[in-house]
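Please walk me through this structure, from its overall dimensions to its salt bridges and surface patches. Give the cut-offs behind each term as it comes up.

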Amino acid sequence: MMATTILIALAAALASAMMFASIASGAVLSLALFYLAPLPLMVVALGWGSRAGLIAGVAAVLGLGAAFGPMYMLAYAVMVALPALWLGHLALLARTNDDGYTPPSTLDWYPVGRILVWIAGFASLTTAGALLTLGTDVDTILGVMRKSLTHLSDVANQGGIAHGTAPDPVIEALVAIAPGAAALVAMLTLTLNLWLAAKIAQTSQLLKRPWPDLRATEMPQPVLAALAIALVLCFFGGLTALIAKIITASLLLAYGMTGFAVLHTVSQTMAGRSFMLSGIYALTAFIGWPLAGAIVLGLADAAFGIRKRYWRKQGGLPDPG
């Protein structure tokens, strides 16, 4: 049985490493594979346990190091292996419930909201780390991004923009939002990978924990204060502001996810609920603007307890649906 687990872990390591290394090809499909690189490690961690996940992660790191050198190995370890294995480990953490009201055999599983905080932390870490490879001060980092975006614009316009002209306001706007957008992408892909891995493990009847009620997802209260501090630091300038923007973007997306959980809760008894939710998700995917409303809703719930008031009126948490 152990031999089978090791073989599965090694297969996951090979798949994850190849997905990560595919970015070197420059193909469009390779970008999707790159973002899905944590998925095999997470599936193994959730389905076969943290030890199997660790074997897969170490094998993938060593394999990439042997094939492509230490830089690829380090990048994979920080951007893929560490987040995938730690999040898989947290998802399986549980303790005996000792509140005096439930049977002793009942387990309290690690809260989804705290997992979201970890995801936001990893998204901020990897995004900041990637930007710091471009330079050690904010002017250099923004200059490299500006140069890269200008080059892409030149290629798209077949060299129609001459060098030395006034800065393109569109490029300047993209440079300004790029750090936060990169953090959003990193957090969204990590969250999606963990959700997909859990679904795959559940469908295969290998998931080692019950499926959580995502409508009850809430961020720990101290995170709201951390977000307020990060927002203030965004106005300080320099690297401090750059990193604060990355953290702010990650935490706001986390609150946006809890905002959707609020929406699922308060719409429980509404007619046409499925149609409404499907429409909101479709609009979010295509134009993004409903996400701003979800963020506001998530922040309002954290500050005023919208779901707690709703559940009190309903006499408790409704049945899943």
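Helices (H or I, at least four residues) and strands (E, at least two) are taken here as DSSP runs, numbered from the N terminus. This is a predicted model, in which local features need pLDDT of at least 70 and side-chain atom pairs count only at pLDDT 80 or more, while totals for chains, interfaces and linings use all residues. Residues are numbered from 1 along each chain as its sequence is written, and side-chain values use heavy atoms, with hydrogens and water left out.

The chain contains 13 helices and two strands. Its C-alpha trace spans about 70 × 50 × 35 Å along the principal axes. The radius of gyration is taken over C-alpha atoms, and the globule rule is 2.2 Å times the number of residues to the power 0.38. For 321 residues, a compact globule would have a radius of gyration near 20 Å, and the 22 Å of the chain agrees with that. Burial is stated by relative accessible area: buried means under 20%, exposed over 50%, and partly exposed in between (1.4 Å probe, protein chains only). By this criterion, 38% of the 321 residues of the chain count as buried.

Three salt bridges are found in a search of the whole structure. The term requires a side-chain nitrogen of Lys or Arg within 4 Å of a carboxyl oxygen of Asp or Glu. One of them joins Arg146 to Glu172, with the closest N and O atoms 2.7 Å apart. This pair links distant parts of the chain, since Arg146 is in helix H7 and Glu172 in helix H8, 26 residues apart. Arg146 has a relative accessible area of 29% and is therefore partly exposed; Glu172, with 28%, is also classed as partly exposed.

Another salt bridge is formed by the side chains of Asp213 and Arg215 (2.7 Å, N to O). Here Asp213 counts as partly exposed because its relative accessibility is 28%, whereas Arg215 counts as buried at 7%. The side chains of Arg307 and Asp301 also meet in a salt bridge, at 2.8 Å from N to O. Arg307 is buried, at 2% relative accessibility, and Asp301 is buried with a relative accessible area of 8%.

Helix H7 (residues 138-156) also holds Ile141. With a relative accessible area of 0%, Ile141 is buried. Its C-alpha atom is separated by 15 Å from that of Ala183, which is 42 residues away along the chain. Two further C-alpha pairs can be set beside this one. Gly63 belongs to helix H4 (residues 50-68) and is partly exposed, its relative accessible area being 38%. Gly63 and Ala13 are 50 residues apart along the chain, and their C-alpha atoms are separated by 8.5 Å. Arg273 lies in helix H11 (residues 273-286) and counts as buried, at 11% relative accessibility. Between the C-alpha atoms of Arg273 and Ser153, 120 residues apart along the chain, the separation is 43 Å.

Where does Gln205 lie? Gln205 is placed in the loop between helix H8 (169-203) and helix H9 (221-233). Its phi is positive, about 60°, although Gln205 is not a glycine. At 74% relative accessibility, the residue counts as exposed.

The surface patches remain. Patches are made of residues with over 30% relative accessible area and no salt bridge; like charges are joined within 9 Å, and nonpolar side chains (Val, Leu, Ile, Met, Phe, Trp, Tyr) within 5 Å. Accessible areas come from the Shrake-Rupley method with a 1.4 Å probe, and for residues only the protein chains shown count as cover. Met2, Ile6, Leu7 and Leu10 make a nonpolar surface patch of about 360 Å². Of these, Ile6 is in helix H1 (residues 2-21) and is partly exposed, with a relative accessible area of 32%.

For charge, Lys and Arg count as positive and Asp and Glu as negative, while His and the chain ends are not counted. The place of a charge is taken as NZ of Lys, CZ of Arg, CG of Asp or CD of Glu. A patch of positive charge on the surface gathers Lys308, Arg309, Arg312 and Lys313. Lys313 is found in helix H13 (residues 306-314) and counts as exposed, at 75% relative accessibility.
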